[in-house]
Amino acid sequence: MELGMIGLGRMGANMAQRLQRAGIAVTGFDPGEQARAQVAEHGIATVDALQALVQALPAPRALWLMVPSKVVDATLDKLLPLLAPGDVVIDGGNSWYRESQQRAARAAATGVGFVDCGTSGGVWGLQEGYCLMIGGDAATVDRLAPLFKALAPAADRGWAHVGPVGAGHFSKMVHNGIEYGMMQAYAEGFALMDKKAEFDLDLAQVAEVWRHGSVVRSWLLDLSADALQGNPALDGIAPYVEDSGEGRWTVAEAIELDVPAPVITLSLLERLRSRQSNSFSDRMLAAMRNEFGGHAIKPAGGAG
């Protein structure tokens, strides 16, 4: 089987390597010359244009998009006119599932198949394999099964056809929302232990103990233990946390479906809060406490 990989960033490049190791011929495209050069060092063929990529693949073609969600439509604008009926496009990025459904309808109008594949695994996927949540029609997914088996941790686990188009990215959206909540819980727990000066806890030690036999053990805990072992005080790390957008989509979906999701919602709000270096709301709270109770106000930039 052959595949065209569009997008050779950290995820796309590693996925191309894992596929190549499994005996699947990959041709990669990325607008960045450096990205193409780095992948070529691993013996993966690259081209410098989408048209060249399409021409390099035998029909019916399979092309995997591993690009930011904000450029998927622009990529499809250029790609779909080059494709033929029977070809299929797989979107493995973090796209909103409603847009994936719209893109599938757009592709179908030209006879091109579309599969949405929620992909988890991060930078460890090359070594450990990727968790794949796949949406699309059964015949197309079956045809692409060798790709999913090669990318997953094993041929018989870590990947599944979860439903029609949209189901893959919906499942991945909820997956990331849960991830937000888990990460927030770990962060708060370690912050509490860090604050308990009386016990002078070794957080790396506690994390390592929890990794074995504890009901809170997880891969996120494994990674936390590694981070604390290498940098116990988390020196040089700013308290600023980005979000991928999927947490926001999860919260919006929970509201639309009348499903209470307070943990996921609050974890998202905490990420937004982390970006406020001079929070107006916190200053407003201090002002109100001063007004109703005469509580002292700590001057900005002062010792209080």
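**Before starting**

The model is predicted: local features require pLDDT of at least 70, side-chain atom pairs count only at pLDDT 80 or more, and totals for chains, interfaces and linings use all residues. Residues are numbered from 1 along each chain as its sequence is written, and side-chain values use heavy atoms, with hydrogens and water left out.

**The whole chain**

Display the C-alpha trace, which spans about 75 × 40 × 35 Å along its principal axes. Colouring by secondary structure shows 13 helices and 8 strands; these are DSSP runs numbered from the N terminus, with helices (H or I) of at least four residues and strands (E) of at least two. Of the 304 residues in the chain, 40% are buried (buried means under 20% relative accessible area, exposed over 50%, and partly exposed in between, with a 1.4 Å probe and protein chains only). Among contacts with a separation of 6 or more, 65% are between residues 24 or more positions apart, where contact means heavy atoms within 4.5 Å.

**Stop 1: proline 60**

Select alanine 59 and proline 60, which are joined by a cis peptide bond with omega of about -5°. Proline 60 belongs to the loop between helix H3 (50-56) and strand E4 (62-65).

**Stop 2: valine 72**

Select valine 72, in helix H4 (residues 72-79). Valine 72 is buried, with a relative accessible area of 0%. Not counting residues up to four places away in sequence, valine 72 touches Leu65, Val67, Asp91, Ser95 and Arg103. Arginine 103 is 31 residues from valine 72 in sequence, and their C-alpha atoms are 9.2 Å apart.

**Stop 3: aromatic rings**

Next, show the aromatic side chains; the structure holds 5 aromatic pairs. Rings of Phe, Tyr and Trp (its six-membered ring) pair if their centres lie within 6.5 Å; planes under 30 degrees apart count as stacked, over 60 as edge-to-face and the rest as tilted.

Begin with tryptophan 96 and tyrosine 97: the ring centres are 6.1 Å apart and the planes lie at 75°, so this pair is edge-to-face. Tryptophan 96 is partly exposed, at 29% relative accessible area, whereas tyrosine 97 is buried, at 7%. Tyrosine 97 also forms an edge-to-face pair with phenylalanine 170, at 5.0 Å centre to centre and 80° between the planes. This second pair links distant parts of the chain, 73 residues apart: tyrosine 97 is in helix H5 (residues 97-108) and phenylalanine 170 in helix H8 (residues 167-195). Phenylalanine 170 is partly exposed, with a relative accessible area of 27%.

Then select Trp64, Phe148 and Trp159, which form one aromatic cluster.

**Stop 4: glutamate 246**

Select glutamate 246, in helix H11 (residues 246-256). Glutamate 246 is buried, with a relative accessible area of 0%. Leaving aside neighbours within four places in sequence, its contacts are Asn94, Ser95, Lys172, Met173, Asn176 and Tyr180.

**Stop 5**

Show H8 together with H10: they pack at an angle of about 40°, with their axes 11 Å apart. Axes are lines fitted to C-alpha atoms, for helices over the stretch in contact, and angles run from 0 to 180 degrees between N-to-C directions. H8 and H10 are therefore oblique to each other (angles under 35 degrees count as roughly parallel, over 145 as roughly antiparallel, 65 to 115 as roughly perpendicular and the rest as oblique). The contact involves Met182, Met183, Tyr186 and Phe190 of H8 and Leu220, Leu221 and Leu228 of H10.

Leu203, Ala204, Ala207, Glu208 and Trp210 of H9 meet Leu221, Ala225, Leu228 and Gln229 of H10.

**Stop 6: two aspartates in loops**

Select aspartate 200, in the loop between H8 and H9. Aspartate 200 has a positive phi of about 45° although it is not a glycine, and is exposed, with a relative accessible area of 67%.

Finish at aspartate 258, in the loop between H11 and helix H12 (262-274). Aspartate 258, likewise not a glycine, has a positive phi of about 55°. Aspartate 258 is exposed, with a relative accessible area of 69%.
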